[in-house]
Amino acid sequence: LTPDQQEVMCGEFLRSPLAEQYDLPRIATYLTPIGRTMADVDIYALTTTGKRIIAQVTYGDITDRKIKALEQFKDDPNNTIVYFCNSSGKKIAPDYIRIFPLETIYQAFCQNNPTGQRWLKEIMP
C-alpha cells in the first residue's frame, strides 16, 4: 500500500469495532482529513468517548524524530496518541504513546474483515 493508503487503512480500522477489540480508541468523527493536513499528525479525530486521537502512520520503524513530534500532545489528558509503524522492538517509545503494528491492522482489517476486504479490493488496480 502507498503511504496515503496506509493512513486511510489505519483511520478506517480505528473507525471500526476492531479498534476496541485491540484496546484502541474508536473514532467517532475525523477533525481533519487523513494525512497531510497537520505536520507530523496523520489522523486527528474524536473518539466515541469524546477524547481526541492523534496518530502517526509510518511504514518504517519507530523514529526519534516522529516520537519528538508527537511529544507536543502528551500533556493533554484528552489526547490518546498512537504510532502505527513496523516496529522492530529495538526502540521503546515513551509510555504516553501507543505503538501498534501496521501488519496487525492489515491482517485484522484487510484480510479478516468484510469491510476491509472490500476497501482493499476497491483501491487495488
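This is a predicted model: local features need pLDDT of at least 70, side-chain atom pairs count only at pLDDT 80 or more; totals for chains, interfaces and linings use all residues.
I27 sits in strand 1, which covers residues 27-30. Strand 2 covers residues 43-47. The two strands pair in the antiparallel sense over 3 bridges. Another bridge links Y30 to A45 in strand 2. Strands of a sheet pair through backbone hydrogen bonds, either parallel or antiparallel.

Strand 2 also pairs with strand 3, residues 52-57. Here the sense is antiparallel again, over 4 bridges. Y44 stands opposite I54 in strand 3. Strands 2 and 3 form a hairpin with 4 residues between them. In the turn, G50 has a positive phi of about 85°.

**The whole sheet**

How many strands form the sheet, and in what order? There are 5 strands, in the order 1-2-3-4-5. The sheet is open and its pairing is mixed. Strand 1 and strand 5 (97-101) stand at the edges. Each has a single partner strand, so one side of each is left without a neighbour in the sheet. From one strand to the next, the twist averages 30°.

**Helices across the sheet**

Helix 1 spans residues 3-15. Its 13 residues, at 1.5 Å a residue, should span 18 Å. The end C-alpha atoms of helix 1 are 19 Å apart, which agrees. Several residues of helix 1 are buried, including M9, C10, F13 and L14. Also buried in helix 1 are Q5, Q6 and E7, along with G11.

Helix 1 lies across strands 1, 2, 3, 4 and 5. Helix 1 runs at about 135° to strand 1. Helix 4 (residues 102-111) lies across strand 3, strand 4 and strand 5. The angle between helix 4 and strand 5 is about 55°.

Most residues other than glycine have a negative phi. D23 has a positive phi although it is not a glycine. D40 is another residue other than glycine with a positive value.

Notes
Residues are numbered from 1 along each chain as its sequence is written. Side-chain values use heavy atoms; hydrogens and water are left out. Two strands pair if DSSP finds at least two bridges between them. The expected span of a helix is 1.5 Å times one less than its number of residues. Buried means under 20% relative accessible area, exposed over 50%, partly exposed in between (1.4 Å probe, protein chains only). Axes are lines fitted to C-alpha atoms, for helices over the stretch in contact, and angles run from 0 to 180 degrees between N-to-C directions. Contact means heavy atoms within 4.5 Å.
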